[in-house]
Amino acid sequence: MKTVFIRLLMHLTIAVVLITLLVGALVYRNTDVMLKEEVLGANAELLAQTQKIVEQALGEVQQMASSLAINTDVQKSVWLPWNLEEEYRFLQNTSNLFSERIHSSNYLHSIYLYSSVNNKLISPSGIAGMDDFPNYEHLREFIEGRETMSWGAGYWSDEHKNPESVLQFYFSVPLHNVEKKGALLIHLKEDVLYNAVVNTNNRKLGNVAILNEEGAVLSYKDKSMLLHPFADTDIEQIRQENNGSFVESIGGKKMLVSYLTSTFNGWIYVTLNPCNEVFKRSNDIIRITLLISLLGLGLGIALMVLVSRNYYKPVQKMVQALSSNLEQPFTKALHRDEFSYISESIDHLFNENEEFKTKFYNSELVLREHALIHLLSGSTASLRELERQLDYYGIPLQPEHFIVIVLRLYLNKGAELAEPEEKLRNLIYFQIRMLCEETMADHGPGVYIPQFHKQDVMIVNTGTWGDREQTINKAKELAFQVKRKVSAELPGVSLTIGIGGSYTSLSEIYLSYNEAVEVLQYERLTGSASILSIHDLQINHMNRNRIMNFRHLVEKAANELKTGRLEASLAAKDELIQQLSGDSSLGLHHKNLIVTDLLHALMTLRAELLAGREGAEEDDGLVYEFSKLQNLEDIRLWFDKAFIQTSEALQDKRENKNVEMIGKLAAYVRENYREPLSLQMLADLAFMNSQYLSKLFKEVTGQTFIDYLTDIRVREACHLLRETQSGINEIAAASGFGQKQNLIRTIKKQTGLTPTEYRKRNAIERLNSEKPRIDTDPIH
């Protein structure tokens, strides 16, 4: 315990010291900033006032120059050649005018008028040439330049050759002419102007200096302080920022320089304040801060001792309480002190609590999903109970106005996926859920239920969407945005979306879900990656003529197939599918009815004509295959296959039926060959065309009807000739030949012998043979 106490005192002492020093540093810093801002604010005010006063004075000079420029005598002096003998009066008037203006102002040094026509100057003292004019180069640059007025600074020698600092102002005459014919040059006494206009407030911590754009001093009370111009970096900073401050070493002293750049003529106004005077009060703040810090340190240490002693008992009680609450308390000897024991005990309790919270949260998620599934399945709970479940599980749905949207996911076969299939599928489902929830959030409250009956479901509140028509359009817009985002983010994935109806009550959500699922069944008519709405299914209608036209094509396809004309049947079927595919105004419900009619016609034909054949149970498989088709093209190909299978089966049955029928007719011939039979007689018995029967008879038996009948009769006649002693006439009647001549002609044609010769030959062979020999009769 002693170790804990000492450590606690040390930590608290360090904390108090750090806090005290931090507070002192912050106080010093804030005070320093506050004093600097106060000085800079005063300087900014002084600079702005000075700028205003100076520019006002310069403006008066410009106004005076403008009034001089429009004076008639000045205009004549500029434009006309000077003839001192004839035109002396207007030149004298101009000189006198300049003298009057100079004597009326304290800070006007001199006024000159330059005439480019005469290349001479007029001044109050008379006319002068340009050879002795000190600022001839500046004047020439101004005359050749484009500006109409210009300010500058320089030195001008008085009559005793003493240089005086002046401000120079050049003014074009005439003012608005493209070509300058002359210029007014006005010199201002810099020191007089500074003392009269600029340096009017000595109570400030500094006075204002005026610099030109290059940083050269134009006017200041003590120019010796600014013999060295500011550094180029400082001048560049002044040009970029227009106003501000920086610290500069001037005359071996650090000075706080505040500056302001004029937009009037580009001059720079600066004030200089010694830093030691500006921040003198900051040093006092440092001393006060350190004193307060020491006092706070001492008080903090005293409080630490008192607080530590008083609060150690609660620490002991906490250790005892934790030991009693743990199922297996930790061994205190394994810990450095009570605090480490308390920390590990609390961590252990926290982990147990987190495990419990995780299990509870998972149970809550399961119950939440269960509540949503109940809504989609048609819960029998009361409306109040449903609203309570929404509130309890935090389901973001309002209790009224809903619409359900069902999403059917397809992975394109061409998508190359490197991840394991199950992991990739889960990732795709998660990305789709994120995109759907993000899009749904822009349209109002809603929830997303993944993989409900292998399809994802969105339940969206529509209370703010407007009337029924607007709600349907909003739902389609939401579905389109979901489809577009999924296509953009997941190129290998496509969605077919079904939209149910709009309902008011929670207990009706399952109705909208069932409608969305129902409309997805029509996906095979519109193709995958389409958007289907129960609203569109309900509003489409057809007239009777169009229905009859489609049914006529259905009947034509069935009839052609029934009569064995497969190509014509397939053509009628393709025409039907093509019309369905190209008719955008035809409702999905009616398209489905027409395709189903074609299926029923096919199944009916198979049931009627193929009943009792082996493999008839395949019809159920065909219907199941049809229910899984996804689009009209698949339906067309499926009907191709089904029609071909049915045609082949019908052909097989026709052939089997023909064999059976010909077999019966052959048996009839064998039993009644003694009667006068004919092909037409057999055709009448079979209800068939005699030519078609003749063709079938030869295909089945390999003989024509006459050959088959003759063969039977010849066999019977030969038998009677061999085995009996009956006369030829009797044998002809008994074998069906009727007359003797018919028998003789036919036997001779078949054996090459007459009946009598055939009988004698057969008798001789019997006598000569020692054992029975095989009948050499070619027919037998």
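Visitor: Why is R715 called partly exposed?

Guide: In this predicted model, R715 has a relative accessible area of 35%. Partly exposed covers values between the limits of 20% for buried and 50% for exposed, so R715 counts as partly exposed.

Visitor: What makes the pair D711 and R715 a salt bridge?

Guide: The side chains of D711 and R715 come to 3.0 Å, N to O. The rule asks for a side-chain nitrogen of Lys or Arg within 4 Å of a carboxyl oxygen of Asp or Glu, so the pair qualifies. Both residues lie in helix α24 (residues 705-723), four residues apart, about one turn of the helix. An α-helix has 3.6 residues a turn, so residues three or four places apart point the same way.

Visitor: What is D711 called, buried or partly exposed?

Guide: D711 has a relative accessible area of 21%. Buried means under 20%, so D711 is partly exposed.

Visitor: How do you know that E144 is exposed?

Guide: The relative accessible area of E144 is 58%. Exposed means over 50%, so E144 is exposed. E144 forms a salt bridge with R140, with the closest N and O atoms 3.4 Å apart, and both lie in helix α4 (residues 136-144). R140, at 31%, is partly exposed.

Visitor: Why is E560 called buried?

Guide: E560 has a relative accessible area of 13%. The cut-off for buried is under 20%, so E560 is buried. E560 also forms a salt bridge, with R565, the closest N and O atoms being 3.4 Å apart.

Visitor: How many salt bridges are there by this rule?

Guide: The count is 12. K573, D574, E633, R636 and D640 are linked in a network of them.

Visitor: What makes T471 a buried residue?

Guide: T471 has a relative accessible area of 3%. Buried means under 20%, so T471 is buried. T471 lies in helix α13 (residues 468-489). Leaving aside neighbours within four places in sequence, T471 is in contact with I403, T462, W465, G466 and S502.

Visitor: How do you know that the buried residues of α22 line one face of the helix?

Guide: L682, A683 and A686 are buried in helix α22 (residues 679-686). Seen down the axis of α22, these buried residues fall within an arc of 105°, so they line one face. Just after α22, F687 takes a positive phi of about 55°.

Visitor: Why does V23 count as partly exposed?

Guide: V23, in helix α1 (residues 2-69), has 45% relative accessibility. Exposed means over 50% and buried under 20%, so V23 is partly exposed. With I19 and V27, V23 forms a nonpolar patch on the surface, with about 250 Å² of accessible area together.

Technical notes
Residues numbered from 1 in each chain as written. Predicted model: local features only at pLDDT ≥ 70, side-chain atom pairs only at ≥ 80, totals over all residues. Heavy atoms only, no water. Helix = DSSP H or I, 4+ residues; strand = E, 2+ residues; numbered from the N terminus. Buried < 20%, exposed > 50% of the residue type's maximum accessible area, 1.4 Å probe, protein only. Contact = heavy atoms within 4.5 Å. Patch = residues over 30% accessible without salt bridge, like charges linked within 9 Å, V, L, I, M, F, W, Y side chains within 5 Å. Areas by Shrake-Rupley, 256 points an atom, 1.4 Å probe, with all protein chains shown as cover. Arc of directions from axis to C-beta.
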